[in-house]
Amino acid sequence: MSKPSYVLVTGGAGYIGAHTAVELALAGFEPVLIDNLSRSNERLLKGIADVLGRNLIFHRGDCRDEKFLEDVFAKYPIAGVLHFAAFKAVGESVQQPELYYNNNLNSTLTLVRAMARVGVKPFVFSSSCTVYGEPDHIPVDESAPLKRAESPYGATKQMSERILEDEANTGRLRVISLRYFNPIGAHPSAKLGELPIGEPSNLVPYVTQAVAGKRKSLTVFGNDYPTPDGSCIRDFIHVVDLAKAHVVALQLLLSHSVAEAFQAINLGTGQGVSVLELINTFVRVTGVAVPFTIGPRRPGDVVKTYADVKRARERLKWQCEYSLDDALRHAWAWEQQLSHSIP
Ligand code: NAD
Ligand code: WQD
C-alpha cells in the first residue's frame with residue numbers, strides 16, 4: 001500500500017479494538033481510534049504504542065455524539081469503519097437494559113448516519129455467537145436461526161445486525177458482521193491484553209486473576225451438564241487471530257469484490273473445549289495451579305456451542321494460527337506483567 005488508508009476503529013481502547021488496531025497498523029493502515037473510555041482507560045493505548053513503537057491517532061469521544069463523529073470524519077479521509085464500541089456484560093444488561101439499548105443501538109445508528117453523510121461504505125461489525133442462543137446443531141453455521149435473545153445485550157447484537165443489513169440493502173453500506181465465539185488470550189508480547197473493569201465475568205480473566213491472587217477462587221458454573229465432563233463447552237479463539245480476521249474482512253470490503261451487501265461470518269476455531277478442559281490446559285502450559293470450586297449453573301448459560309468456520313475459511317481465506325495452549329500462555333504472561341505494573 002503506497003498511501004496509508006485511514007480506518008476508523010470505534011472502541012479502539014478496548015480489548016479487541018486495541019489488538020485489531022495493532023494488526024491494522026502492521027498491515028499498512030492508519031487506524032484512527034475513538035473511545036469514550038467508559039469501559040477502558042488509556043492503559044491499552046499505551047500497550048499499542050509499546051507494541052508498534054509509535055502512538056496511533058486517538059480521539060476521546062462518544063459514538064452517540066453526532067458532532068464528535070462529524071469532526072472525526074471531516075479531519076481524516078476515512079476509507080472504512082470497524083465498530084467495536086459497545087457495552088458487553090450480559091448480566092449487567094439484564095439489570096440495566098435501557099443502558100444497553102441506548103449505548104449499543106444509538107452508537108451504531110449515529111455511526112451509520114455519520115458514514116452516510118460522507119459516503120463511507122465499508123463497515124465491519126463486532127457481533128457475537130450470542131445471536132444464536134443454544135444452537136440446535138453444532139458446529140453452528142451462519143444460516144442457523146437467530147432465536148429470541150437470552151439477554152438485552154444479545155438483543156442489541158441481533159438488532160444491530162438487522163439495522164446494518166437493512167442499511168446495506170439500500171446501497172449505503174457494505175457490511176461484514178463478524179460473529180465472535182469466545183475471544184481469549186493476549187498479545188504474544190504481553191504488552192496488550194484484556195483489562196476487565198471490576199470483577200471479570202468471563203472465564204479466562206477470572207482464571208488468571210484467581211491464579212494471581214486477585215480473586216479467592218474460580219467458581220466453575222456447573223459440572224452436571226450433558227457433556228463428557230459435565231462442564232459447558234465453548235469455542236475459545238485467540239484475540240490476535242480474531243484481530244487478523246478483521247484486517248482481512250476490511251481488505252475484502254475495500255477491494256469491492258464482495259457480492260453481498262451484508263454478510264455474517266463466524267469467527268472461532270471450530271473446536272469445542274470444556275471449561276474443565278480449559279482449566280487443565282492452563283495448569284499444563286503454565287505450571288501453576290488454578291484454585292477452583294464447583295458451583296451451581298449460571299442462569300442463561302448455553303450448554304454447548306462451537307463455530308462452523310467454513311465461511312470464514314472460504315470468504316476471508318483466514319484461519320487460526322494460535323492454539324489454546326498459546327492463548328492461555330499469553331493470557332497468563334499478560335496477567336503477570338499487569339501484576340508487576342499495577343499495584
Ligand atoms: P471492551 O469493553 O474491552 O471494549 C469496548 C470499548 O468500547 C471500551 O473501550 C469502551 O470504553 C468503548 N465504548 C463503549 N461504548 C462506547 C461509546 N458509546 N462511545 C465510544 N466508546 C465506547 O470490549 P471488547 O471485548 O473489546 O469487545 C469489543 C466488541 O466485541 C463489543 O462490541 C462486544 O460486544 C463484541 N464482542 C465481544 C466479545 C468478548 O467476549 N470480548 C465476544 C463477542 C462480541
Ligand atoms: C464461558 C464458560 C461459563 C466464568 C460470553 C457472552 C457471549 C460472548 C462471549 C460477547 C461458561 C464458564 C465463566 C466463571 C465459569 N460475549 N464460567 N466460571 O458466557 O460463553 O459468553 O462471552 O458477545 O455473548 O455471553 O463466556 O467467558 O462468561 O463463560 O465456570 O467465573 O465459562 O459458565 O460455560 P460465555 P464466559
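Ser 38 lies in the loop between strand S2 and helix H2, where helices (H or I, at least four residues) and strands (E, at least two) are DSSP runs numbered from the N terminus. The structure is a predicted model, in which local features need pLDDT of at least 70 and side-chain atom pairs count only at pLDDT 80 or more, while totals for chains, interfaces and linings use all residues. Residues are numbered from 1 along each chain as its sequence is written, chains are lettered from A and ligands numbered from 1 in the order in which they are written, and side-chain values use heavy atoms, with hydrogens and water left out.

With a relative accessible area of 36%, Ser 38 is partly exposed, a class that lies between buried (under 20% relative accessible area) and exposed (over 50%), as computed with a 1.4 Å probe on protein chains only. The side chain of Ser 38 is joined to that of Asn 36 by a polar contact of 2.8 Å; such a contact is a pair of N or O atoms within 3.5 Å, and within protein one atom must be able to donate a hydrogen and the other to accept it, with residues adjacent in sequence counted only if both atoms are side-chain atoms. Although Ser 38 and Asp 62 are 24 residues apart along the chain, their C-alpha atoms are separated by 9.0 Å.

Strand S2 pairs with strand S1 (residues 6-10) in the parallel sense over 5 bridges, two strands being counted as a pair if DSSP finds at least two bridges between them. Within this pairing, Val 32 in S2 is the bridge partner of Leu 8. Strand S2 also runs parallel to strand S3 (residues 57-60), to which it is joined by 4 bridges, and here the bridge partner of Val 32 is Ile 57. The chain crosses from S2 to S3 through helix H2 (residues 43-52) in a right-handed β-α-β crossover, a term meaning that, with the strands pointing away from the viewer, the path from the first strand over the helix to the second runs clockwise. A right-handed β-α-β unit is likewise made by S1, helix H1 (residues 15-26) and S2.

These strands belong to an open sheet of 7 strands, which has the order S3-S2-S1-S4-S5-S6-S11 and parallel pairing. Strands S3 and S11 (262-267) stand at the edges, each with a single partner strand, so one side of each has no neighbour in the sheet. Neighbouring strands of this sheet are turned against each other by 20° on average, direction ignored. Between strand S5 (residues 122-128) and strand S6 (residues 174-180) the parallel pairing extends over 7 bridges, and Pro 122 stands opposite Arg 174 in S6. Helix H6 (residues 152-169) lies across S5, S6 and S11 and runs at about 155° to S5, where axes are lines fitted to C-alpha atoms, for helices over the stretch in contact, and angles run from 0 to 180 degrees between N-to-C directions.

Two ligands were examined next. Ligand 1 is surrounded by 29 residues, of which the closest are Ile 16, Asp 35, Ser 40, Asn 103 and Tyr 153, a residue being near a molecule if one of its heavy atoms lies within 4 Å of it. A nitrogen atom of ligand 1 lies 3.2 Å from a backbone N or O atom of Asn 36, and an oxygen atom of ligand 1 lies 2.9 Å from a backbone N or O atom of Arg 39. A polar backbone atom of Cys 63 is 3.0 Å from a nitrogen atom of ligand 1. Around ligand 2 there are 18 residues, the closest being Ser 128, Tyr 153, Thr 219, Arg 234 and Asp 301. Polar side-chain atoms lie 2.4 Å from an oxygen atom of ligand 2 in the case of Arg 234 and 2.8 Å from an oxygen atom of ligand 2 in the case of Arg 298.

Helix H7 (residues 203-211) is largely enclosed by the rest of the structure, because 9 of its 9 residues are buried.

Note on methods:
Contact means heavy atoms within 4.5 Å.
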